[in-house]
Amino acid sequence: MNKEVTTKQTLLTGDRPTGKLHLGHYVGSLKNRVDMQNSGLYNPYIMIADMQALTDNAKNPEKIQKNLREVALDYLSIGIDPAKSVIFIQSRIPELCEMTMYFLNLVTVSRLQRNPTIKEEIKQRGFEKNIPAGFLAYPISQASDILAFNTDIVPVGEDQLPVIEQTREIVQSFNSVYGNTFKMPEAKVPTLKMQRRLPGIDGDAKMSKSANNAIYLSDTPEEIKAKVMSMYTDPNHIHVEDKGQVDGNMVFTYLDVFGSDKAKIKEMKEHYKAGGLGDVTVKKYLIQVLEELLTPFRERRKYYEQHLDLVDNILIEGSNKAQAVASETLKRMRKAIGVEYFDI
Ligand code: TRP
C-alpha cells in the first residue's frame, strides 16, 4: 500500500434526515467537511443517520424517507464529492446494530440520563415520562457509527460534544475489558463562536427548523431575499440617519460569518454606527453575499435532481463500501470479546 493512503486520517460524521439542511448546519459542520475532503488529507465517511432519526420519529417513518434524499441532495450540492467521500445510509449497515448490542452492556442507564445533550433533547421533545429506549441509547449506537470505521476525527456541531464524549468512554471501557481494540476518536468543532452556533434570522439563539428562523441551503433566490429582508436588525434604528447597533444585529452577524470582503464590512459597520446607512442597503449586500455562496450549490443540486438514479447509486455504492469496512471491524470486535467461536 502506498504511504500517502496509510497516513490519511479517517473522518466520520453524519446527520439525521429529519429536515432539509440550513446555513447553521453549513457553518457549524458541513463547510468543515468539504474543506477537509478537498484537502486530500482525510478519508471522509458521511452518514445519513436514518436509524437514529427513527429513535424519536418511530411513528413517522415517511418523514425520514422523504428527507433522506433531501439530505443526500444537500450533501452533493455543497460539494461533498462521492469520488472523495463515502456517503452512506446507516440502516444499510446492520453490523452497526450488532456492535451496539455489545456496547449497550458497557454503559449504565444513569450515565445516559446524565448526558447533557440527551437531557436537553428529552426536554425539547417532552419525553420526560416516556423516553423511548432507543432514544436514550442513541449515544451508544452513535459510538458504533464512529468506531466501525476506525475514525480519528468527528466534525460535529457543539451540541454533539457530550455524545462524542460518550463514545470516548466506551472506547476506554471496551479496551480495558476486552483488550486494545478501538482507536480514540476526537471531536472537531469550528473555531469561531458564531460558526459553532449560528443564530436564527430572528436573532434567536440558534437557527433551527422548529423555531422557523432558518435559511435553507435549497432556498430559492426569492426565499433568500424575503428572509434577509425580514431579518432582525437594531429595533431602534428607525431612520437612515439614526445611529445603529452592530452587536446583536443579525445582518452584520451574518456578514461576519459569510462575507469575505472584511474591509468593506468593517467600513459598513462604522457607517451604520455613525448613522446614515440604511438597513435595506446592508441587507441587499448580505443577499449578494449569500447568493455568491448558494448559486453554485443550486446548480449542482439541479443537476442531481435531474439524475436521481445517480443519487441512488451513490448511496448504494457508498453503503456497500462502508459495510465492507464495518464488517472487518465487527470481526475484530467479536474476536476481542470471544464470541467468534468457529474459525470459518
Ligand atoms: N447525532 C448527530 C446529529 O444529531 C447525527 C449522527 C449520527 C452523527 N451518528 C453520528 C454525527 C456519528 C457524528 C458521528 O446531528
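This is a predicted model: local features need pLDDT of at least 70, side-chain atom pairs count only at pLDDT 80 or more; totals for chains, interfaces and linings use all residues.
H14 covers residues 262-274 and H15 covers residues 279-305, and the two pack at an angle of about 165 degrees, with their axes 11 Å apart. That angle makes H14 roughly antiparallel to H15, because any angle over 145 degrees counts as roughly antiparallel.

If you look for the residues that meet, you will find Lys264, Ile265, Met268 and Tyr272 on the H14 side, and Asp279, Thr281, Val282 and Tyr285 on the H15 side. Sorted by class, this contact of H14 with H15 has five nonpolar residues, one polar residue and two charged residues.

Now let us follow H15 to its other partner here, helix H16, which spans residues 308-337; these two helices pack at an angle of about 90 degrees, and their axes are 6 Å apart. H15 and H16 are therefore roughly perpendicular to each other. Tyr303, Tyr304 and Glu305 of H15 make this contact with Leu308, Leu310, Val311 and Ile314 of H16, and by class those residues divide into six nonpolar, no polar and one charged.

Finally, I would like to turn to the ligand. Which of the 13 residues around the ligand come nearest? They are Arg16, Gln52, Gln142, Asp145 and Gln160. For Gln52, a polar side-chain atom lies 2.7 Å from a nitrogen atom of the ligand. In the side chain of Asp145, an N or O atom is 2.8 Å from a ligand nitrogen atom, and for the side chain of Gln142 the corresponding distance to a nitrogen atom of the ligand is 2.9 Å.

Notes
Residues are numbered from 1 along each chain as its sequence is written. Side-chain values use heavy atoms; hydrogens and water are left out. Axes are lines fitted to C-alpha atoms, for helices over the stretch in contact, and angles run from 0 to 180 degrees between N-to-C directions. Helices (H or I, at least four residues) and strands (E, at least two) are DSSP runs, numbered from the N terminus. Angles under 35 degrees count as roughly parallel, over 145 as roughly antiparallel, 65 to 115 as roughly perpendicular and the rest as oblique. Contact means heavy atoms within 4.5 Å. Ala, Val, Leu, Ile, Met, Phe, Trp, Tyr, Cys and Pro count as nonpolar, Asp, Glu, Lys and Arg as charged, and the others, Gly among them, as polar. A residue is near a molecule or strand if one of its heavy atoms lies within 4 Å of it. A polar contact is a pair of N or O atoms within 3.5 Å; within protein, one must be able to donate a hydrogen and the other to accept it, and residues adjacent in sequence count only if both atoms are side-chain atoms.
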